[in-house]
Amino acid sequence: MGTKKTEGLVDFAILSMKYKTKLTKKFENRVKYEAPNPDHILSYIPGTICEVFVKEGQEVKEGESLLILEAMKMRNQITMPRDGKVKSIKVSQGDRIPKNQLMVEIE
C-alpha cells in the first residue's frame with residue numbers, strides 16, 4: 001500500500017485501484033509507532049519498587065530475578081528476558097512508578 005500526499009489529499013493504492021482521501025487531524029497527530037527496544041525493561045503496570053536484586057555491571061542469566069514491583073497488592077517478580085549484563089538501573093527501592101517507566105537497561 002503506497003501513499004502520496006498532495007494538496008490535503010492522500011493517494012493510496014489497494015491492489016491495482018488508486019483512491020484519494022483526506023486524512024483527519026486525529027490521524028495526522030497520532031503518536032507514531034515505535035518498535036520496543038529489547039534492551040529496555042519497562043514497567044507494565046503502575047506500582048512501587050519493593051526490592052532490587054541486581055547492581056549495574058552485573059552479569060545476569062535468563063530468568064533470574066531483577067526486582068520486585070508491587071502493584072494492586074501483588075508482588076510481581078521482574079525477571080531477565082535473556083542472558084546479559086545490567087547496563088543501568090533507573091529505579092530504586094521505594095520508588096512509585098507509572099506504566100511504561102524504564103526500570104532497567106541491559107546490554
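Leu15 sits in the loop that joins β2 (9-14) to β3 (17-22). The model is a predicted one. The phi of Leu15 is positive, about 55 degrees, although this residue is not a glycine. Most residues other than glycine have a negative phi. Leu15 counts as exposed, because its relative accessibility of 86% passes the 50% cut-off.

Met72 lies between β7 and β8. Its phi is near 50 degrees, and Met72 is not a glycine. Met72 is exposed too, because its relative accessible area is 65% and the cut-off is 50%.

β7 and β8 pair in the antiparallel sense, over 6 bridges. Leu69 stands opposite Asn76 of β8. Both strands belong to an open sheet of 4 strands, ordered β8-β7-β5-β10, with antiparallel pairing. At its edges are β8 (74-79) and β10 (96-97), each of which pairs on one side only.

Next comes the interior. Nonpolar side chains tend to be buried together in soluble globular proteins. Here the largest nonpolar core holds 18 residues. Leu67 and Met103 have the most contacts inside this core. At least two core residues come from each of β7 (65-71), β9 (84-89) and β11 (102-106). β7 gives the largest share, 4 residues.

What does Met103 touch, beyond its neighbours within four places in sequence? Its contacts include Leu67, Ile41, Leu42, Ile49, Ile78, Ile89, Val91 and Ile97. Ser43, Ser88 and Lys90 are also in contact with Met103.

Key:
Residues are numbered from 1 along each chain as its sequence is written. This is a predicted model: local features need pLDDT of at least 70, side-chain atom pairs count only at pLDDT 80 or more; totals for chains, interfaces and linings use all residues. Side-chain values use heavy atoms; hydrogens and water are left out. A nonpolar core is a set of buried Ala, Val, Leu, Ile, Met, Phe, Trp, Tyr and Cys residues joined through side-chain atoms within 4.5 Å. Buried means under 20% relative accessible area, exposed over 50%, partly exposed in between (1.4 Å probe, protein chains only). Contact means heavy atoms within 4.5 Å. Two strands pair if DSSP finds at least two bridges between them.
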